[in-house]
Amino acid sequence: LAYASDALLKERGIASRDADLASLPNGGWVVPLAEMAARFWTETDAGRAMQAKLDNRFDRAQSHPAALVTTPYALTPLQALAVVTQRQVLLVLKDPVLIKGRLLQVCVIGLILGGLFYDQSHDLAGARSFFGALFLSVMFMAMGSMPQLAITMTSKPVWYKMRDARFYPGWVHAVATAIAQIPVAAIDTAAWSLVTYFMWGLYRGPGGGSYFFTYYLILLAVNINCGALFRAIAHIAPDGVSANSYGGVALLVLIVMSGFTIVRGSIPDWWIWAYYISPFAWALRAVVINEFTSPGWDTPSPEVPGQTLGETALLTFDFFTERKWIWGGVGFLFGTTLAFTAVSALVLQYTSPKTVARVADEEAIAEARKEAAARRAAQRARDTEMTPVANPAADGKAAAGVPAVSVTVSSGLPFTPVTLVFRELRYFVPNPAEGAGGDGKGAPPARLELLKGITGFAVPGTLTALMGGSGAGKTTLMDCIAGRKTVGEITGDILVNGHPKDQATWSRVVGYCEQMDIHTPAQTVVEALQFSARLRLPSEVDDERVKAYVEEVMDTVDLTPLMYDLVGAPGSGLGLSVEARKRLTIGVELVANPSVVFMDEPTSGLDARAASIVMTAVRNVARNGRTVMVTIHQPSIEIFESFDMLLLIQRGGRTTYFGPLGANSCHLITYLTSAVPGTPPVTPGYNPATWMLEVTGGSMATLVQAVDADWPALYAASQQARDTAEHADALVEQCAAACKPLSLPSQYAQPFSVQWRVLLKKFWSAYWRNPGYNFVRIAMTFCASWIYAAVYWDQGQVPKENANITAVQAVMGIMYASTNFLGMTNLMSVMPMVAYERVVFYRERAASMYNPFAYGIALAVVEVPYLLFQTIIFMPIVYWMVGFEPSADKFFYYLLMFFESIAFYNIFGQFIVYLTPTQGIAQVVGGGFNFLFNIFNGFVITY
């Protein structure tokens, strides 16, 4: 009412400006919105002008035909297909590790199989070995396409963005992706065919070239077909775990219905339809007919008059004998490839990822705050507050004293203040261009020098900024000081309280906030903080004090309202926002009560408010007596002025300035303007950080032109550099005399048992909160058990009289398939589950949070209940319905072996993920090992 005129108040019958709004008519509005809208159109010039234009409708006959866009996409379908195909081929070529790894796998396994089935005899006794070899050949092509699941899942988020922006339709993406994979499939199949065809002794006589190229064409068709199948499955599946599980079930059905693990005549009538629609069955049928109807097998059969040897061998396994099935198989494979591609196109065009909005539970947060206040009050009653001792000054002059041995923050957790000095720091890495030839100026050097003699220091209670243009070496310098570099050579001195740095101890007292915010997606905020605190704080700090400290840190970084939110994975649309994730990264390091905190661009990607919150937390950390170094890129004036010291690095790892900023950046401005006469002064109100980068050439000039000078050389010859070196030497002498080298009683803060317990709790929560992974594999186990039971119904015992190869093949087939293929699907399903967790492990290992053996054991143990559940679901259904011997000891022995088998595959899948650099390569390696297991398990080739 303060803004309403007296005339309006009188008109509306409002006696006083202090009247209660709730008592007013029209819902508390002096002028209702509907009345405002009506008056806009009738009583304002803008409203009347707009209404006049609306009343005078435009005559569309006067419009040019090209005035409005009438097509949803900028390119024609053929243009879009050409552009997208070129892009997809480029993406394939930019993953040479996957291509070379797959080709190496093809050659190695091909040679192994070639040696195992080398030059088999062409008789009925050797026929089964040929069938086994050709079965493995088709299966290898099928399993080799499984990495398409991971590749496709990775590209889906990008596709959804392009689809929403109307780049091109879904069918273009599906067709282009399929076309881009054909050259790779052709090369893989050619290498496999050349190795296996001739080493196995397949037909090489007159006209053998046509048989070889038919063999190659069939394998190429099944390779392309299964690639299209797995891409369709990945497009349908909501996540990587589901995709791998669906792919495993599809492969299981394909192999069971291939006509080899159970022959066609033994398949129950209610499943025979699956045999005739299985691409695997068509491929195997075509490839065996191609060989066994060749002239190499046309000798008369010794057992069946009127049949050739090849026909008798084919009929033994209930295969057809006419060559028309070869081209029918090729046609079926390419036809279903088109069908799978069409499914991909429809799914891409009409489905979208699911997103879930998360709203904080206000009652839970209020209760948590009440508990936190009570816990802090009780903690303050027990602890004695200590005042931090004065620390060395940050103005570039020698300190009057040295840091005290320990200070205490508000929760009573002591830490050792650290004075950090680095002198003449250089970093060399191997030159990737070495050996590639020179450019006319001689051979390239063997090593590249990324940091060139950087000297500086950071003292407790100060905030030091590391700045420079892109590629200057800010993060590299911080990584070298923190001990995070695993490649190359670091020279120079890194001194901690006057003594050489010991990395084992240093990693325990340092908190490193990486630029990439890496956390376990299935943890809540409070769980992530408590996990870090419990493993990094010493055993003397009990659980109640840990919780109290975590709650204070949550308040400091403004995470209390989000304490029960899941962290989520970046880019998934679920979990924390970018700025909340950044604050969690800082909080995870702060709860470790570190003496030194390194932060790599903590404000990147944040808006002004979020950046202000984060930097307020950073300043509070420094004011508590900790040593803080921050790399930062183009900060605002307020953020820049909050730093005490500045290390400015130029591209190439050379120091442009190190020293105090001073009030309003006066020390920095004075140095830069005096170092080179004529340097443009900073204008009032202009950001000194931006001005500094522009005049020194660290960023693109906007208002200030870069000064043409060798700033690092000027600094090296300046009095400022000499003062820095003298001050660094003085700090080293003083701290060395007053402080002992940092030492800790053990490598890790917690004993092995506590590490294992805390890790197991973390993984248990992560697995429980990932129902997609557990539900999918349990549902898959249930479905697979009924598939096996229905297909192998009452096939579990070999007749004691008149036993034939068909009955033996069925019994061996169910044992082989049940233990091997469910294990294989488990192996593939666990990979995306732990793939992201691997990156988290690298961060936590660098912080010396736990013993890697405790991590591995916890990761394996958490799988046991779910594996037992799989076993309990699968075994009773399969064992009794298949009709194995009704004996308790045999049942439980089979159950035990089944459990051990799937447990091995699960843990082996985890091992491969941590062994390889990417999930795609892990799937290639896993598929290769699984194929080797198939070869040597005694079914395909006998012992």
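How many of the 9 residues of helix α16 (residues 474-482) are buried? I looked this up before anything else.

**Entry: ground rules**

I am working with a predicted model, in which local features need pLDDT of at least 70, side-chain atom pairs count only at pLDDT 80 or more, and totals for chains, interfaces and linings use all residues. I number residues from 1 along each chain as its sequence is written, and side-chain values use heavy atoms, with hydrogens and water left out.

**Entry: helix α16**

I find that 8 of the 9 residues of α16 are buried, so the helix is largely enclosed by the rest of the structure. Buried means under 20% relative accessible area, exposed means over 50%, and partly exposed lies in between (1.4 Å probe, protein chains only). The buried residues are K474, T476, L477, M478, D479, C480, I481 and A482. After α16 comes G483, and its phi is positive, near 80 degrees.

**Entry: the sheet**

I traced an open sheet of 6 strands in the order β8-β9-β10-β5-β11-β12, with mixed pairing. β8 (510-513) and β12 stand at the edges with a single partner strand each, so one side of each has no neighbour in the sheet. The twist averages 15 degrees from one strand to the next. I count two strands as paired if DSSP finds at least two bridges between them. As background, strands of a sheet pair through backbone hydrogen bonds, either parallel or antiparallel.

**Entry: strand β10**

I checked β10 (residues 627-631) for burial: 5 of its 5 residues are buried, so β10 is largely enclosed by the rest of the structure. T627, M629 and T631 point one way from the strand, V628 and V630 the other way. On pairing, I note 5 bridges between β10 and strand β9 (residues 596-600), which run parallel. In that pair, F598 has M629 as its bridge partner. Strand β5 (residues 463-468) also pairs with β10 in the parallel sense, over 4 bridges. There I find A465 opposite V630.

β11 pairs with β5 in the parallel sense over 5 bridges, and the bridge partner of L466 is L647. With strand β12 (residues 654-660), β11 pairs in the antiparallel sense over 6 bridges. Here L647 has F658 as its bridge partner. I also note that β11 and β12 form a hairpin with 3 residues between them. In the turn, G652 has a positive phi of about 105 degrees.

**Entry: helices α23 and α24**

Two packed helices are described by the angle between their axes and the distance between the axes. I read off that the axes of α23 (residues 666-675) and α24 (residues 688-695) come within 11 Å and cross at roughly 20 degrees. The axes are lines fitted to C-alpha atoms, for helices over the stretch in contact, and angles run from 0 to 180 degrees between N-to-C directions. α23 and α24 are therefore roughly parallel to each other; angles under 35 degrees count as roughly parallel, over 145 as roughly antiparallel, 65 to 115 as roughly perpendicular and the rest as oblique.

Which residues make the contact between α23 and α24? I list L668, I669, L672 and T673 of α23, and W691, M692 and V695 of α24. Contact means heavy atoms within 4.5 Å.

**Entry: V553**

V553 sits in helix α19 (residues 543-556). I record it as buried, at 5% relative accessibility. Leaving out residues up to four places away in sequence, V553 touches G587, L590 and V591. I also have V553 and I586 at 9.4 Å, C-alpha to C-alpha, though they are 33 residues apart in sequence.

**Entry: P538**

I place P538 in the loop between α18 (525-536) and α19. Is P538 buried or partly exposed? P538 is partly exposed, with a relative accessible area of 34%. Apart from its neighbours within four places in sequence, P538 is in contact with A749 and Q750.

Notes
Helix = DSSP H or I, 4+ residues; strand = E, 2+ residues; numbered from the N terminus.
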